[in-house]
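Okay, everyone, thanks for coming. Let me put the model up, and then I'll talk you through a few spots in it.

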Amino acid sequence: MSRALELATLGRGFVSPNPMVGCVIVHGDGADARIIGEGWHQRHGEAHAERNAIASIKPSDNQLIADSTAYVTLEPCSHFGKQPPCADLLIEKRVGRVVVCNPDPNPLVAGGGIQKLRDAGIRVETGLLEAEGRWLNRRFFTFMEQQRPYVILKWAETADGFIGGTDKQPVAITGPVAQRLNHRWRTEEDAILVGTTTALTDNPRLNARLWPGRNPTRIVLDQHQKLPASLHLFDGTQPTIRFTDALLRPFTLLQLLTELHQLGEQSMIVEGGAATLQGFINADLWDEARIFRSPNRLGNGTKSPEIHGETIDRQPVGADELRVIRRR
Ligand code: AOF
Ligand code: ZN
């Protein structure tokens, strides 16, 4: 399963909004176990992991399938989408046993694949490396289960805990390496959001000009419709959605995320400012926070948001330190 998860990651950036899925077919067990086929979901709309794994089996190994176990990172699908059902394929090929990492929360599958396999007399086990699988496809699971995008909060703070200065001038807090990493992150998510004050004060572009890849959809909260059309955000270079009456109350933030779910946005980075970030934190509508801390001090200014969660990563990025927090 660990190998299947590794294969799944090869689809990163090519399969969205589908999940990343890997499959390994193993004949025999113990010291005699041998991988006879493996595959992964490579591109949205194309073959699923199971089909690619079956197709990779050498003709001389075909008679071993009945004595083999298929390790799949996601429950084999049971529906006709862009691809025919993987459960049917595994039944037709008479795979001996199936081990699943995560059940598929897609309402079109949702246990139906496992049921189909069991009805055909195939032994199915679930939950192997479940936490690793859920982390790998955290955007997909959040989108399907909570009907909202996966929310990543991102900000940079000084050593003395400020996110910005006292006047309405933007201040550079992190160094060039952190900035580049931030642009890379922008290519990895569907959408990026800023509040009204940040849009006005920083006049950000919210594109990924320091990293190759696609630009996210810009989401701008325009309270009281005070943002001028002259802002970079409205330069027409990238899809941009302006929410004019999304006030920073929990009820409306949830509404906003529900709206984005309907638009198919599976993940979103929130890049500030302090009030917008704190709004998402207070409403408990966040999943992950990525916080840069620079060695510099500002003395005074806007305090950085207050957040509590599980620290899952801490590493130097140039002269800055990156801390990644997960909601408990
Ligand atoms: C699997 N194996 O490798 C993947 C699955 O439109 P389709 O036909 O590509 O179906 C997409 C849905 O199928 C996706 O939302 C998810 O529920 C499941 N993905 N299932 O058995 C795979 N990628
Ligand atoms: Zn499938």
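So, Cys86 is buried, at a relative accessible area of 1%; buried means under 20% relative accessible area, exposed is over 50% and partly exposed is in between, using a 1.4 Å probe and protein chains only. Before I go on, this is a predicted model, where local features need pLDDT of at least 70, side-chain atom pairs count only at pLDDT 80 or more, and totals for chains, interfaces and linings use all residues. Residues are numbered from 1 along each chain as its sequence is written, chains are lettered from A and ligands numbered from 1 in the order in which they are written, and side-chain values use heavy atoms, with hydrogens and water left out.

What coordinates the zinc ion, ligand 2? His48 through ND1, plus Cys77 and Cys86 through SG, at 2.0 to 2.2 Å. Donors here are N, O and S atoms within 2.8 Å of the metal (3.2 Å for Na, K and Ca), and water is not among the atoms, so sites may look incomplete. The four donor atoms subtend angles of 95 to 119 degrees, which makes the arrangement tetrahedral; for four donors, that label asks for all angles between 85 and 135 degrees. His48 sits in the loop between strand S2 (34-40) and helix H2 (49-55), and Cys86 in helix H3 (residues 86-92), so the pair ties together parts 38 residues apart in sequence. Helices (H or I, at least four residues) and strands (E, at least two) are DSSP runs, numbered from the N terminus. His48 counts as buried too, at 18% relative accessibility.

Last stop, helix H4 (residues 112-119). Gly113, Ile114 and Leu117 are buried there. Looking down the H4 axis, the buried residues fall within an arc of 100 degrees, so they line one face of the helix; the arc is taken from the directions from the helix axis to the C-beta atoms. Those residues pack against H3, strand S4 (97-102) and strand S5 (123-126), with contact meaning heavy atoms within 4.5 Å. Just after H4, Gly121 has a positive phi of about 85 degrees.

Terms used: Tetrahedral: all angles 85-135°; square planar, octahedral: opposite > 155°, others 65-115°.
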